[in-house]
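Here is a short report on one protein model. Keep the structure open while reading.

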Amino acid sequence: MKLLFIHQNYPGQYRQLVDWLAAQGGHEIVFLTQRKGVASSHGIRVVQYAPHHAPAKDAYGLSRYWEQCTGAGYGAAQACQKLQAEGFTPDVILGHVGWGELTFTKIVWPDVPVLGYFEYYFLAEGGSVGFDPEFPSNPATPYIMHARNAVNFANLQTVDLGQSPTEWQKNTYPESFHSKIYTCHDGIRTDRLLPNPNAAVRLDRLGRSVSREDEIFTYMARNMEPTRGFHSFMRALPHILDARPNARALIIGGSEVSYGKESQQAGGYRAEMEREVGDRVDWSRVHFLGRIPYSDYQAVMQLSRCHIYLTVPFVLSWSLLETMSMEATIVASDVPPVREAMQHGKTGLLVDFFEPEAIARQVVEVLAAPGDYTHLGRAARAHVVENYDFLTRCLPVHIERINGLAPNTRPISMP
């Protein structure tokens, strides 16, 4: 089958799927992306495109996002026209609707079916915006959020079928979208994400490696920011370290902002929170690892006695499911998208996002008696294997849906 993937940040949510398809052989796969420096690999041709236009700094706030998305969409469409001129016509197009990249694909190929990834509908209430009173919305917010959804509405007409990874994310969209969207996660490689009691990671500042013998607790996010509860974690940190004098915190994440507003203080949210907690923290036992290779991230999660996952009601992180797959004992924020994947007292421990001392108390209890909580990690892995495993649970669903969009083409076969 000829497949065109479109995602501004290769490979995005398609990491497992494109790798699996390439490994099967017999398919022509083209991946269109804005990401620079990505080389084509065996079975995957990577083509870079540039947005045709970007909004000016003083662009009108209600149309800025639409202007940005149509600029990306037209740039992607021009790249599609070049592929068409070369003789490439896909059997199915798969892409993320959120950045406008799919918007004009039907103009280039009117008869090619499109499967769109519906990740999140911008909510003025009930989602990430306005959840935390420390970061209040303003009177213009409902208008801005609704205006941003113009790209979702435009792409509802573009796609023949949509995918959303969780029920909560699907339900952020209006009812009028639901008949076109199926729910199935991208999939977690539980066959690779296994517990490892011998995992170890070297900490240069400490001058040695740490392992399960050490009292390690962890926090991880793409970027350390309020949407992923970094401020709540940092406020819990002094209480945890005071109660557990041998404990060490390993923190993974960048210092930029993926979601929401940037910090108004020098050094971003990390520096802001370091200044806030100040000398109440023994910084010799706090290790900011930054963004690390995937294998190192995996080892950190495998040796963690307690992993802290905090988020506002927003897109569910792959890291939560991956860490569950590695049988970690997880303390997570009690919000709807997390409750969809985790049950308190059965597969993890849910706490109030707004109560740093309560977060700390729960983490301290786990660190004090880790053996009392190992059943949670085992149950968490079993739950992820049953519901989110890429090979056995998610892949068959996605392949069936892709094949269904191209009934006159030789179907993708499952081994």
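Strand E6 (residues 161-164) pairs with E7 in the parallel sense, over 3 bridges. Within that pairing, Ser164 stands opposite Thr183 of E7. This is a predicted model.

**The open sheet**

E6 and E7 belong to an open sheet of 7 strands. Its order is E3-E2-E1-E4-E5-E6-E7, and the pairing is parallel. Which strands form the edges? They are E3 (44-48) and E7 (181-183), and each pairs on one side only. From one strand to the next, the twist averages 20 degrees. In general, the strands of a sheet pair through backbone hydrogen bonds, either parallel or antiparallel.

**Strands E10 and E11**

Strand E10 (residues 215-223) runs parallel to E11, and 7 bridges join the two. Asn223 stands opposite Gly254 in E11. Strand E11 (residues 247-254) is mostly covered, with 8 of its 8 residues buried. Both faces of E11 are covered. One side carries Ala247, Ala249, Ile251 and Gly253. The other carries Arg248, Leu250, Ile252 and Gly254.

**Helices H8 and H9**

Two packed helices are described by the angle between their axes and the distance between the axes. Helix H8 (residues 230-243) packs on helix H9 (residues 268-277) at an angle of about 30 degrees. Their axes lie 10 Å apart. Why does H8 count as roughly parallel to H9? Angles under 35 degrees count as roughly parallel, so H8 is roughly parallel to H9. H8 passes H9 in a right-handed crossing.

The H8 side of the contact consists of Phe230, His231, Met234, Arg235 and Pro238. They meet Tyr269, Arg270, Met273, Glu274, Glu276 and Val277 in H9. An α-helix has 3.6 residues a turn, so residues three or four places apart point the same way.

Take Phe230, which sits in helix H8. Is Phe230 buried or exposed? Its relative accessibility is 1%, so Phe230 counts as buried. Leaving out residues up to four places away in sequence, Phe230 touches Tyr219, Met224, Glu225, Tyr269, Arg270, Met273 and Phe288. Ser41 is 189 residues from Phe230 along the chain, and their C-alpha atoms are separated by 36 Å.

**Helix H11**

Helix H11 covers residues 318-325. All 8 of its 8 residues are buried, so H11 is largely enclosed by the rest of the structure. The buried residues are Trp318, Ser319, Leu320, Leu321, Glu322, Thr323, Met324 and Ser325. Just after H11, Glu327 takes a positive phi of about 65 degrees.

**Cysteines**

A disulfide is a covalent bond between the sulfur atoms of two cysteines. How many disulfides does a search of the whole structure find? The search finds 0. Two cysteines are set out below.

| Cysteine | Nearest cysteine sulfur | Distance |
|---|---|---|
| Cys80 | Cys69 | 16 Å |
| Cys184 | Cys394 | 4.1 Å |

Cys80 is in no disulfide. Cys184 is in no disulfide either. The cut-off for a disulfide is a pair of cysteine sulfur atoms within 2.5 Å. Cys80 has 0% relative accessibility, so it counts as buried. Cys184 has 3% relative accessibility, so it counts as buried too.

Methods: Residues are numbered from 1 along each chain as its sequence is written. This is a predicted model: local features need pLDDT of at least 70, side-chain atom pairs count only at pLDDT 80 or more; totals for chains, interfaces and linings use all residues. Side-chain values use heavy atoms; hydrogens and water are left out. Buried means under 20% relative accessible area, exposed over 50%, partly exposed in between (1.4 Å probe, protein chains only). Helices (H or I, at least four residues) and strands (E, at least two) are DSSP runs, numbered from the N terminus. Two strands pair if DSSP finds at least two bridges between them. Axes are lines fitted to C-alpha atoms, for helices over the stretch in contact, and angles run from 0 to 180 degrees between N-to-C directions. Angles under 35 degrees count as roughly parallel, over 145 as roughly antiparallel, 65 to 115 as roughly perpendicular and the rest as oblique. A crossing is left-handed if the near helix is turned anticlockwise from the far one by less than a right angle, and right-handed if clockwise. Contact means heavy atoms within 4.5 Å.
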